[in-house]
Amino acid sequence: MRAVWRASRAAVKRRRVQTFVIGLVVLCSTTTVLLALTLLTAASSPFDKAYAEQRGAHTAASFDTTKVTPEQLARTAQQPGVEAAAGPFGQAVVDIPKDWLWMAGGTLSVVGRADSAGPVDRIDLLEGRWATGTGEIVVNWSVQGSPGTEFLGTKLKTPSGGTLTVVGFATSMSKSASAWVSPAQMTVLHPTSAQMLYRFTESDTEAQLSTSLDRATAGLPEDALTGAQTYLALRQAFSALADSYLPFMTLFGVLGLLVSVLIVGNVVSGAVVSGYRHIGVLKALGFTPNQVVAVYLTMLSVPAVAGCVLGTLVGNALAGPIMKVAFTGIDVGRATVGEVSPWVTVACLLGMPALVLFTALIPALRAHRLPAAQAISAGGAPRTGRGLRVQRMLGATRLPRPVSLGMGQPFARPARSLLTLAAIVLGVTTVTLSTGLTSTLVAYGNVGKEDGGARIQVTTGGSDDANTARLSDTQIEEQLRALPGAQGVRARALSQANMTGQNQPVFADFYRGDNSLYEHTIVKGRAPKAAGEIVAGPAFLTQRGLKVGDRTTLELNGKKITATVVGQVIEGNALALETTWDTLTQLAPHARATEYTVRLAPDADAHAYAAAAGKLDPAVHASVLDPGNAGTTTVITFSTVFTVLLTLVASLGVFNTVLLNTRERRRDLGMLKSIGMTPRQVILMTVTSVAGLGAMGALLGIPLGIAAHRLVVDHVGVVDFPEYMKDVWHAPQLAAMLLAGVTIAVLGALIPARTAARTTIATVLHTE
């Protein structure tokens, strides 16, 4: 083994370029694969683990207590298919007259439970104690960490005149309520609905959950069931943003793996072909065929292991920021996200070197079969027999001789040329995919900014500042519209509302004024115009089983309104919907706006306008909206960096091929120079030998890149890109993509071409 290691180490030092290429491509591939596996794991494993620990409900069902009795509901726990059940619990909606704790004013879904334990939905108490008497409430804390004891004792005055004091904070992965009170306090709230929490024996799909719920509720009065929330919808909400990154990460990971296989196969195959004499010498010195194979595999494993280790370190470093972006703004409860699973790291550390060794094994077996005498006598690669017919055909054309000679070279080594072509195809595919994604995301980032003007956000600082404001919200809106540079003002009010059949509250945004933003954000249907018309993003609609044209019921401050989904916006919070000010007028006539968005003229001074707006009223705070988007920036940055790396790797693959070709053809180059070929003609011939492969690679890679781009943008669950954002391919872009393949080939061939051009005839003949 010592002799094998010495020979392998010498080969690594001698083949520095090949070592660098393999190490770089394995580094890129490992980084991307690790990030993709981390996102895939984080999208489900943390949720499933935390949900299982809390015995989360497979279905949380709400029932109308005017149509069904508690005894009838209790009997549903004994129905076939019910593994465990908890309840019935009284359920009521408590009005929040103004912002309370970290929640917007509106409604609070409250459930009465005697304790936090039970066979289903075991609630974790984070701070304080459980509510045991009247006038006490435990609030759901849905984000990671603990709220601390600072807010214990906070009081909520209900419209009925009662007061609820916060005695604890708890969290439920089932999202079964926004808060909990004791059964005695629930009686005071006069509930009109009851909650049952079920775990079913068959719960893998929505169809199974629906069937199981139907069996459990069989025999209950008609229309007693008013709504049901499944854990699959909660899991989808948990991972919606992370899932949107998966197609993107997975595609780049697959591209990286394919490039790794191609480059490694090309390098090892070329090393064997160009190293016939070296193989013969090793065997003449006593190396067995298996030891020769071990030399070549070890030669490849050194850069592969180094690249894999570095790629794992880089992937772990990038995982934190990417996971932070992917899970921003969601309710994670007790689920722990942001850490790279140990099995992912181990899989990458073991899997990537194994993939490299397996790829290298096939060409290395050629060295195993080659007899020592034949290898030594060969001295170099065969120089005749292959591609001669093509060379003669090209020589009969009117093409310049260096061009015809260069175009015929790929046919001399068809297998090597195919590997090189495949690397170029993947390089062009990556460039095309990255260019398309960037164009789509830039168009997405410019939504609402088509006029070129800045956006100013004006707030009243919340309910407390609103109460001290000298101006009414309509007066503030008029003053903002009157300031120089303003082209449009839109007022916004935010409230928590309840939706029929949903345990989770929804955040309702009520808008008044400038609706020009809807001209570019509505992808289906139309903008809301009248009371009761709502629009929402794809994640909101999907998780609630709604579509354009469906009807539901919104409840706020004890009042209800029938709401119709009239449109779908390009993206939106999975917990938020948008509607008109007329809807707010019917639900909360005395509510006022707490935020305004001002659209400025393209030439207006944004900072001057913000300063002027801040002087209108002590309660007014104005700032210039940041046009950036963390998720968009992350995707563009990652795709750009990875595209540059894969393009570089593809060029290095071409470099390796041209380098091997020039070494094999050194005698031919010497003969051509001796009969008058100039250095420039040598460069032209060498570059032409791969330029055709570059053009062909572009023709094959462009449609693959376009298909990959469409695959990614069509499967971003949190964003529904309109067609004009997907249709980014036009003649200039396609021409640039066509040049990308040729550029990759030329960049890879230029250095060995210049080296071949500088080689003197005497040097070539001397080596012979």
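Me: What share of the 768 residues in the protein is buried?

Reply: Buried means under 20% relative accessible area, exposed over 50%, and partly exposed in between, with a 1.4 Å probe and protein chains only. Here 53% of the 768 residues are buried. This is a predicted model: local features need pLDDT of at least 70, side-chain atom pairs count only at pLDDT 80 or more, and totals for chains, interfaces and linings use all residues. Residues are numbered from 1 along each chain as its sequence is written, and side-chain values use heavy atoms, with hydrogens and water left out.

Me: Which residues of helix 6 are buried?

Reply: Helices are DSSP runs of H or I with at least four residues, and strands are runs of E with at least two, numbered from the N terminus. In helix 6 (residues 206–216), the buried residues are Leu209, Ser212, Leu213 and Ala216. Seen down the helix axis, they fall within an arc of 100°, so they line one face of helix 6. That arc is taken over the directions from the helix axis to the C-beta atoms.

Me: Is glycine 128 buried or partly exposed?

Reply: Glycine 128 has 46% relative accessibility and therefore counts as partly exposed. The residue is found in strand 4 (residues 124–128).

Me: Which residues does glycine 128 touch?

Reply: Contact means heavy atoms within 4.5 Å. Leaving aside residues up to four places away in sequence, glycine 128 touches Leu152, Val167 and Gly168. Glycine 128 and glycine 168 lie 40 residues apart in sequence, with their C-alpha atoms 4.1 Å apart.
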